[in-house]
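Work through the exercises below with the sequence and the model open. Try each task before reading its solution.

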Amino acid sequence: MSSRDDMHFPVIINGLDYLHSSVTSLIDEPEGRALKYAVLHLQFAAETLFKARLELHNPALVWVKPEKFDERLHRQGDFKSVGTPVALERLRDDVKVSNPIAPEDAALKALVELRNRLTHFGATDTAVAVEARAIRSSTCF
């Protein structure tokens, strides 16, 4: 029996939840807030799932500085992790994932840039343009 305080969200489940949220938000011509969260959750899904795959191979690869890896800090989440482009480079170069998404993929870069603008600066664009970028980016996965 679990209490209200129990919380267990493995990283794979988090990534899939973000992806589900994004796809669900894009189904019915989203506007405003729904579109914003569709974009944010799509990018979070990608990055979370990329890092989960890195971690399966070697948890240190999730760290910006793998040589500083510390198991205790890692379990606590007390470290700086890589972003999407570096995660993809490491999946390609270190993990040797076959047919990886290219870190320089234009659609993925556009998604990351849009997510950064939304998160850190705010963004203004048409719903059609944002939705087109999100859908084009989702084909990377």
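### Exercises on a helical chain

Lys96 sits in the loop between α4 (84-93) and α5 (106-121). This is a predicted model; local features need pLDDT of at least 70, side-chain atom pairs count only at pLDDT 80 or more, and totals for chains, interfaces and linings use all residues. Residues are numbered from 1 along each chain as its sequence is written, and side-chain values use heavy atoms, with hydrogens and water left out.

**Exercise 1. Describe the backbone and the exposure of Lys96.**

Step 1. Start with the backbone. Phi of Lys96 is near 65°, a positive value in a residue other than glycine. Most residues other than glycine have a negative phi.

Step 2. Check exposure. Buried means under 20% relative accessible area, exposed over 50%, and partly exposed in between (1.4 Å probe, protein chains only). Lys96 has 62%, so Lys96 is exposed.

**Exercise 2. List the elements of the chain in order.**

Step 1. Count them. The chain has six helices and zero strands. Both are DSSP runs numbered from the N terminus: helices are H or I with at least four residues, strands are E with at least two.

Step 2. Write the order. From the N terminus on, it reads α-α-α-α-α-α.

Step 3. The chain has 141 residues, and 33% of them count as buried.

**Exercise 3. Check the span of α1, then find its buried face.**

Step 1. Compute the expected span. The rule is 1.5 Å times one less than the number of residues.

Step 2. Pick the buried residues. In α1 they are Gly15, Ser22 and Leu26.

Step 3. Look down the axis. The buried residues fall within an arc of 30°, so they line one face of α1. The arc is that of the directions from the helix axis to the C-beta atoms.

Step 4. Turn to the other side of α1. His20 and Ile27 are exposed there.

**Exercise 4. Which residues make the nonpolar surface patch of about 570 Å²?**

Step 1. Set the rule. Patch residues have over 30% relative accessible area and no salt bridge; like charges are joined within 9 Å, and nonpolar side chains (Val, Leu, Ile, Met, Phe, Trp, Tyr) within 5 Å. Areas come from the Shrake-Rupley method with a 1.4 Å probe; for residues, only the protein chains shown count as cover.

Step 2. Name the members. They are Met7, Phe9, Val11, Ile12, Ile13 and Leu16.

Step 3. Inspect one member. Leu16 belongs to helix α1 (residues 11-27). Leu16 counts as partly exposed because its relative accessibility is 44%.

**Exercise 5. Which residues touch the most other members of the largest nonpolar core?**

Step 1. Define the core. It is a set of buried Ala, Val, Leu, Ile, Met, Phe, Trp, Tyr and Cys residues joined through side-chain atoms within 4.5 Å.

Step 2. Read off the members with the most contacts. Among 16 residues, they are Phe50, Leu54, Leu88, Leu91 and Leu108.

Step 3. Assign elements. α2 (32-57), α4 and α5 each give two or more residues to this core. The largest share, five residues, is from α2.

**Exercise 6. How many salt bridges does the structure hold?**

Step 1. Apply the cut-off: a side-chain nitrogen of Lys or Arg within 4 Å of a carboxyl oxygen of Asp or Glu. The structure holds three.

Step 2. Take the pair in α2. Glu47 and Lys51 are four residues apart in that helix, about one turn. Their closest N and O atoms are 3.1 Å apart. Lys51 is buried, because its relative accessible area is 14%.

Step 3. Move to α3 (residues 71-76). Glu71 and Arg75 are four residues apart there, so about one helical turn separates them. The closest N and O atoms of this salt bridge are 3.4 Å apart. Glu71 is partly exposed at 39%, while Arg75 is exposed at 61%.

Step 4. Finish with Arg92 and Asp93. Their closest N and O atoms are 2.7 Å apart. Arg92 is partly exposed at 33%; Asp93 is partly exposed at 37%.
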